[in-house]
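Student: Could you open the model for me, so that we can go through it together?
Tutor: Here it is, with its sequence.

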Amino acid sequence: QVQLVESGGGLVQAGGSLRLSCAASGRALYAMAWFRQAPGKERDFVAGISPNAVRTYYADSVKGRFTISRDNAKNTVYLQMNTLKPEDTAVYYCAVGFVPGTGAGSYSNWGQGTQVTVSS
């Protein structure tokens, strides 16, 4: 079973930036993605990346502000978040799966989540 360890969350003012990291155990390469869940809301797709990093895809709400990338030598995926808004406040989860997708059902393993709070 793949273990995922996320880091990089925190408190930032609106307009600021944060970079999230998610390290996966083992050497197998998977499709990886970030989701987020705000209090009282469903878990939503944020960004995804194919195993070879050729394909990336984003939710409309973060296009142009967030960038997903990966370092396969470290089996780590990153989420660079710029121009953060208060509505980006949520717990952010890393996930891995065999087939890239925007639905949570595409992913079989999840990290513990990291809190991102954007103050206005």
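Predicted model: local features only at pLDDT ≥ 70, side-chain atom pairs only at ≥ 80, totals over all residues.

**Contacts, fold and a few loop residues**

Student: What does the radius of gyration say about the chain?
Tutor: For 120 residues a compact globule would have a radius of gyration near 14 Å, and the 13 Å of the chain agrees with that; the radius is taken over C-alpha atoms, and the globule rule is 2.2 Å times the number of residues to the power 0.38. Along the principal axes, the C-alpha atoms fill a box of roughly 40 × 25 × 25 Å.

Student: And what percentage of the residues is buried?
Tutor: Buried residues make up 44% of the 120, where buried means under 20% relative accessible area, exposed over 50%, and partly exposed in between (1.4 Å probe, protein chains only).

Student: Let's switch to Asn75. Where is it, and is it buried or exposed?
Tutor: Asn75 is in the loop between strand E7 (66-71) and strand E8 (76-81), and it counts as buried because its relative accessible area is 4%. Phi of Asn75 is near 50 degrees, which is a positive value in a residue other than glycine.

Student: Which residues is Asn75 in contact with, leaving aside its neighbours within four places in sequence?
Tutor: Asn75 is in contact with Cys22, Ala23, Ala24, Ser25, Gly26, Arg27, Ala28, Leu29 and Arg70. With Gly26 there is also a specific atom pair, as a polar atom of the Asn75 side chain lies 2.9 Å from the backbone oxygen of Gly26.

Student: What about phi of Thr83?
Tutor: Thr83 has a positive phi of about 45 degrees although it is not a glycine. Thr83 sits in the loop between E8 and strand E9 (90-97), and with a relative accessible area of 46% it is partly exposed.

Student: Lys85 next: which loop holds it, and what does it contact?
Tutor: Lys85 is also in the loop between E8 and E9, and at 34% relative accessibility Lys85 counts as partly exposed. Leaving aside neighbours within four places in sequence, Lys85 is in contact with Arg65 and Val118. Lys85 and Val118 are 33 residues apart in sequence, and their C-alpha atoms are 6.1 Å apart in space.

Student: Last one, Ala59: why does it count as buried?
Tutor: Ala59 counts as buried because its relative accessible area is 15%. Ala59 is found in the loop between strand E6 (56-58) and E7, and, apart from neighbours within four places in sequence, Ala59 is in contact with Phe45 and Val46.

Student: How far is Ala59 from Gly15?
Tutor: Ala59 and Gly15 are 44 residues apart in sequence and 19 Å apart in space, C-alpha to C-alpha.

Notes: Residues numbered from 1 in each chain as written. Heavy atoms only, no water. Helix = DSSP H or I, 4+ residues; strand = E, 2+ residues; numbered from the N terminus. Polar contact = N/O pair within 3.5 Å; in protein donor to acceptor, adjacent residues only side chain to side chain. Contact = heavy atoms within 4.5 Å.
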